[in-house]
Amino acid sequence: MLHELLLSLVGYTGDFVMDERDQRETLSESLDAASDFQNEPTFKLAPDLSFIQPSERDVIERLLPLGFYYKELDRFATKHRNLGSFQTTKFFPDPQNLENIKGNVGKSSVYCRAIANGIVEILSIYRSAVLQVEQNLLSNPLPMLATVTQGLNKFEVLLPPLYELIVEIEREDLRGGQLLSLLHKRCHCGVPELQACIQRLLWHGHQVLYNQLSSWMVYGVLHDPHREFFIRRQDDGDLESEMSSSNMMENSLQKSSDNAALADWHVGFHIFLEMMPDYIHMPIAESILFAGKAVRVLRNPSDMFKVQESFFQQHMSRGSQRTPGYVGNFVLKDPIKGTNLNAEELFPQSEADKIEELLHKLKKSSEFHKRSFECAVNSIRTISANHLWQLVVIRADLSGHLKALKDYFLLAKGDFFQCFLEEGQKLMRLPPRQSTAEADLMVPFQLAALKTISEEDKYFSRVSLRMPSVGISMTNANANLQKMKLDVNQAVPLQGVTSSELSVDGWDGIALEYSVDWPLHLFFTQEVLSKYQKVFQYLIRLKRTQMELEKSWANGMHQDHADFASHRRDRQNCSVSQQRRQRIKPMWRVREHMTFLIRNLQFYIQVDVIESQWNSLQAHVQTSHDFTELVSFHQEYLSALISQSFLDIGSVSRILDSIMKLCLQFCWNIEQYESNPNLSELEQIVEEFNKKSNSLYTILRSSRLAGSQRAPFLRQLLMRLNFNSFFEATARGVLNVVRQRPILPS
């Protein structure tokens with residue numbers, strides 16, 4: 001009886017103790033996973049044991065559930081520890097078995113295997129306790145049941161909750177972070193022994209998590225064969241890419257092109273919320289995601305970047321001497337060979353050892369401390385962010401590229417764009433042809449570059465001019481203007497332009513492109529460059545309008561000087577020119593109002609907005625050593641440029657567009673006044689300009705804009721515009737806004 005009882009306590013039934021499930025085996029040869037687990041223990045004493053007293057039977061039946069729980073826990077451990085077939089195929093892939101592996105990926109679980117190892121530890125302690133009971137009974141056989149009960153009493157509070165735990169794991173098919181969340185929740189209980197057991201199971205689960213974190217944050221390799229990690233590759237359906245870490249490294253090397261690296265950084269990986277443990281908050285998960293992506297970038301430098309790094313090191317070391325292969329702004333196609341730049345220089349092994357040491361300390365801790373975990377993750381993120389900062393800011397010369405974008409997209413190189421617009425002024429007075437507009441613009445663009453861009457400007461070669469497709473609509477006014485312009489601009493090679501082609505406003509689509517190499521594409525994304533593009537198109541239109549107004553004034557002064565000379569030569573026959581001057585004199589006052597408004601807008605945007613925001617960005621670049629902080633500062637910089645320039649306010653931007661178009665139409669009508677005097681059209685333009693300019697002033701001085709923090713220098717612009725109260729007075733008159741004088745109480 002003694003050995004029969006002890007054997008049943010370790011899961012072996014027989015004639016003395018029976019398993020009720022054995023009687024149901026004839027109903028089904030194999031039970032599914034859900035039906036394997038019973039709500040109640042099925043170990044029972046045989047009913048025909050007459051030599052056992054009822055009191056003894058009660059004591060034994062209270063002990064038998066321990067044997068049932070032991071057997072179920074042991075079966076769970078045996079089932080989930082058997083991953084040998086997958087491991088063998090993982091390191092020795094067989095194409096014939098690949099389909100079978102894919103079918104088993106969802107069923108296998110490294111985390112369940114770790115929990116199974118923890119359960120084996122607990123069961124070994126239980127077996128040792130049963131063995132100790134047997135030894136005690138052999139040395140002192142009486143009292144037998146009291147000795148068994150006393151030796152195994154503590155397991156009555158351990159094994160039932162553990163059985164409930166594995167039942168929930170199996171029925172809910174919990175894996176990865178789901179399993180860790182369950183264990184972390186069950187750790188909070190009032191039984192110290194049970195809490196220690198579940199903490200040990202959680203420790204085993206965290207060993208897998210720390211190994212995955214180490215692979216990801218130390219080597220940039222996503223090792224997740226069963227898709228249980230909360231960091232996922234976007235195209236995670238391909239199992240072959242995750243069969244081993246060596247395969248992952250080979251794949252990452254094969255995807256070393258700039259486009260693949262860009263996609264890898266921005267959309268290649270994401271946080272899979274379903275597998276993220278509940279006790280890991282989103283900011284910590286995002287830090288883990290960033291750290292791994294940063295290490296991937298640092299450990300897989302672009303081949304072209306290696307060549308450039310080696311080239312510029314040689315160029316700097318030679319001082320003022322010309323480096324062979326370098327002519328002006330262009331790098332010859334024959335690259336410098338034998339460069340020593342590698343991943344070790346970008347991410348030293350000592351830094352990888354620091355990260356590994358932080359994770360190793362977490363692994364050694366017997367208990368999980370959330371604060372320690374978050375501090376370690378933040379430290380690792382700081383290390384990776386600092387090295388990524390060194391790569392982008394120091395090695396890739398981020399400051400130089402930011403300055404180049406300011407020079408060309410924000411028109412800081414005023415001499416270049418002044419020359420470009422002067423060279424292309426005649427061209428841009430004709431409607432652009434959709435087929436050759438870009439090629440036509442390249443002529444003044446290259447002439448301006450030859451005149452103003454020095455050979456030391458290594459960034460200009462990255463700038464290219466683009467003329468995207470434009471609309472085919474054309475107003476009657478523009479069609480009338482075209483005849484005049486065809487006569488004035490005979491030297492422009494645009495034969496075949498008809499009134500049905502593209503409108504003059506099509507030149508507003510002039511755009512720039514900036515070539516970005518690895519690793520700057522991490523910083524200058526397409527979204528960022530599109531924001532620069534938006535500001536550039538606004539500024540170039542403003543600059544073009546200002547130059548047209550100045551050109552109109554110069555032409556007018558030239559005509560006045562010619563008329564004055566004619567007046568001195570022939571005082572009797574100059575009445576016609578005097579009458580013309582008197583008729584058009586009010587228009588020059590309007591031109592001065594236009595110039596005043598456009599110049600103040602330019603000064604506000606270039607000085608109050610761009611320069612102030614640029615100085616703020618430069619201060620952040622100098623003080624910050626964190627890549628993500630720099631990205632955030634740069635995003636704030638661009639957002640400030642757009643918001644303070646009112647490009648994100650539809651009503652203001654539409655009025656500004658209308659004002660610039662009216663100014664251009666005014667200039668062109670003034671120029672053709674000699675050949676086609678049309679005061680009614682000029683008066684219509686003037687009336688519309690007065691309405692638009694006063695509407696603009698009224699909107700800008702509203703409390704929603706002038707009183708907000710989105711445009712801190714707007715009040716200075718309003719003060720310059722309304723320095724003599726002219727705008728305020730005309731705004732009241734045009735918009736019929738009459739302010740009542742407040743009546744003071746008596």
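A residue counts as buried here when its relative accessible area is under 20%. F416 has a relative accessible area of 1%, so F416 is buried. F460 is at 12% relative accessibility and therefore also counts as buried. The model is a predicted one.

**Aromatic pairs**

A search of the whole structure finds 27 aromatic pairs. One of them joins F290 and F627, whose ring planes are at 15° with the centres 6.5 Å apart, so this pair is stacked. F290 belongs to helix α13 (residues 282–299) and F627 to helix α24 (residues 627–644), so the pair links distant parts of the chain, 337 residues apart. Both F290 and F627 are buried.

F416 and F460 also form an aromatic pair, and this one is edge-to-face. F416 lies in helix α19 (residues 414–423), whereas F460 is in the loop between α20 (437–452) and β7 (463–466); the pair therefore ties together parts that are 44 residues apart in sequence.

The geometry of the two pairs is listed below.

| Pair | Centre to centre | Angle between planes | Arrangement |
|---|---|---|---|
| F290 and F627 | 6.5 Å | 15° | stacked |
| F416 and F460 | 5.7 Å | 70° | edge-to-face |

F416 and F460 are part of one aromatic cluster, which is formed by Y408, F409, F416, F417, F420, F445, F460, Y532 and F536.

**Charges over rings**

Arginine side chains also sit over aromatic rings. R200 lies over the face of W203, 4.2 Å from the ring centre. The charged end of R232 is placed over the ring of F272, at 4.0 Å from its centre.

How values were computed: Residues are numbered from 1 along each chain as its sequence is written. This is a predicted model: local features need pLDDT of at least 70, side-chain atom pairs count only at pLDDT 80 or more; totals for chains, interfaces and linings use all residues. Side-chain values use heavy atoms; hydrogens and water are left out. Rings of Phe, Tyr and Trp (its six-membered ring) pair if their centres lie within 6.5 Å; planes under 30 degrees apart count as stacked, over 60 as edge-to-face and the rest as tilted. Helices (H or I, at least four residues) and strands (E, at least two) are DSSP runs, numbered from the N terminus. Buried means under 20% relative accessible area, exposed over 50%, partly exposed in between (1.4 Å probe, protein chains only). A charge sits over a ring if NZ of Lys or CZ of Arg is within 6 Å of the ring centre and within 35 degrees of the ring normal.
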